[in-house]
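Open the structure in your viewer and keep the selection tool at hand. We will go stop by stop.

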Amino acid sequence: MVQNDWLNVQVAIRYRYEKYHTSFGGLDEERIANYTDVVNKYYDLVTSFYEYGWGESFHFAPRWKGESLSESIKRHEHFFALQLGLKAGQKVLDVGCGIGGPLREIARFSSTSVTGLNNNEYQIARAKVLNGVAGVEQTCNFEKADFMKMPFPDNSFDAVYAIEATCHAPDIVGCYKEIYRVLKPGQYFAADEWCMTEAFDPNNQEHQQIKAEIELGDGLPDIRSTRQCLAALKEAGFEVIWEKDLAKDSPLPWYLPIDTSQFSLSNFRVTSIGRFFTRNMIKAFEYMGIAPKGSQRVQAFLEKAAEGLFVGGKKEIFTPIYFFLARKPQ
């Protein structure tokens, strides 16, 4: 009876998530107004899939030739620590920390104390377990809260970063203002944003379809342009030190890990063969009652999202690694 109730909850979560999106009859205004519900339902559904296919760090990275996906992800996290100029003992905030992969890597690399902010209860529970495994539970902690209303006093942190997380914000100016508030004067904020590039044509139906697929598959209210993010930073009060779409001169394309024409033993699960294996494994597990009802549907829309990301990257109308470093004035 308990198992059946749990399965019914999963089906209901998936239905309520899908209904927010335009392809299922939802309205943009409703999705933005209910962004907390949208994001929570999305991550309740997909966190286990993400960890299975991607590891503990749910983000892309510029990649050098001869470098594995996991190596590029770690190097990118070290890049954040270096750009922020982190020093041992500093208090750092990770906005939208997921299950804490970047948090743990940056804390160990820089000998800092990192607080992860996340509004998803399941992810925080998983992150705490992984912190214990990594041995960083004394220096790293988590706060369950909305990054639009952070539960921290003004000027609390020596540095703030967000890696592919604030794209979920319904109001990016409001989000950056909150980050500005909790950051100490003279200190730095760094982020990777998911953005539509200048090549995106809002009047192009194919471009709009790609954008919609990414939004549905990745739990986003609306994907902003790089120009909108830059303008929002300045409106929030930040001084922009530098900004760049890191996809432009990456030696290997950021979307290589989701290119189904590629084969990689080190990242087998996201290859075409790996996806086929996973698809059939989930089908069998769902049939046997091991995986919750609706798991195939979740895996299918994640694959659809990957297709949107891949095509958007190939056409250079979308980037997940629009990086900026900004400073809160003294």
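An axis here is a line fitted to C-alpha atoms, for helices over the stretch in contact, and angles run from 0 to 180 degrees between N-to-C directions. Keep in mind that this is a predicted model.

**Stop one: two helices**

Select residues 69-84, helix H4, and residues 101-110, helix H5. Their axes come within 9 Å and cross at roughly 60 degrees. H4 is therefore oblique to H5, since roughly perpendicular begins at 65 degrees. The crossing is right-handed.

Now show side chains. On H4, the contact uses Lys74, Glu77, His78, Phe80, Ala81 and Leu82. On H5, look for Gly101, Pro102, Glu105, Ile106 and Phe109. Sorted by class, this contact has 6 nonpolar, 2 polar and 3 charged residues.

**Stop two: Phe60 and Trp194**

The structure holds 19 aromatic pairs. Select Phe60 and Trp194 for one of them. The ring centres are 6.5 Å apart and the planes stand at 45 degrees, so this pair is tilted. Phe60 sits in the loop between helix H3 and H4, while Trp194 is in strand E5, so the pair ties together parts 134 residues apart in sequence. Are these two buried or exposed? Both Phe60 and Trp194 are buried.

**Stop three: Tyr255 and Phe310**

Next, select Tyr255 and Phe310, an edge-to-face pair. Centre to centre is 5.4 Å, with 80 degrees between the planes. Tyr255 lies in the loop between strand E6 and helix H10, and Phe310 in helix H11, 55 residues apart. Tyr255 counts as buried because its relative accessibility is 14%, under the 20% cut-off.

Notes:
Residues numbered from 1 in each chain as written. Predicted model: local features only at pLDDT ≥ 70, side-chain atom pairs only at ≥ 80, totals over all residues. Heavy atoms only, no water. Helix = DSSP H or I, 4+ residues; strand = E, 2+ residues; numbered from the N terminus. Parallel < 35°, antiparallel > 145°, perpendicular 65-115°, else oblique. Left-handed = near helix turned anticlockwise from the far one by under 90°. Contact = heavy atoms within 4.5 Å. Nonpolar A, V, L, I, M, F, W, Y, C, P; charged D, E, K, R; others polar. Phe/Tyr/Trp six-rings, centres within 6.5 Å; stacked < 30°, edge-to-face > 60°. Buried < 20%, exposed > 50% of the residue type's maximum accessible area, 1.4 Å probe, protein only.
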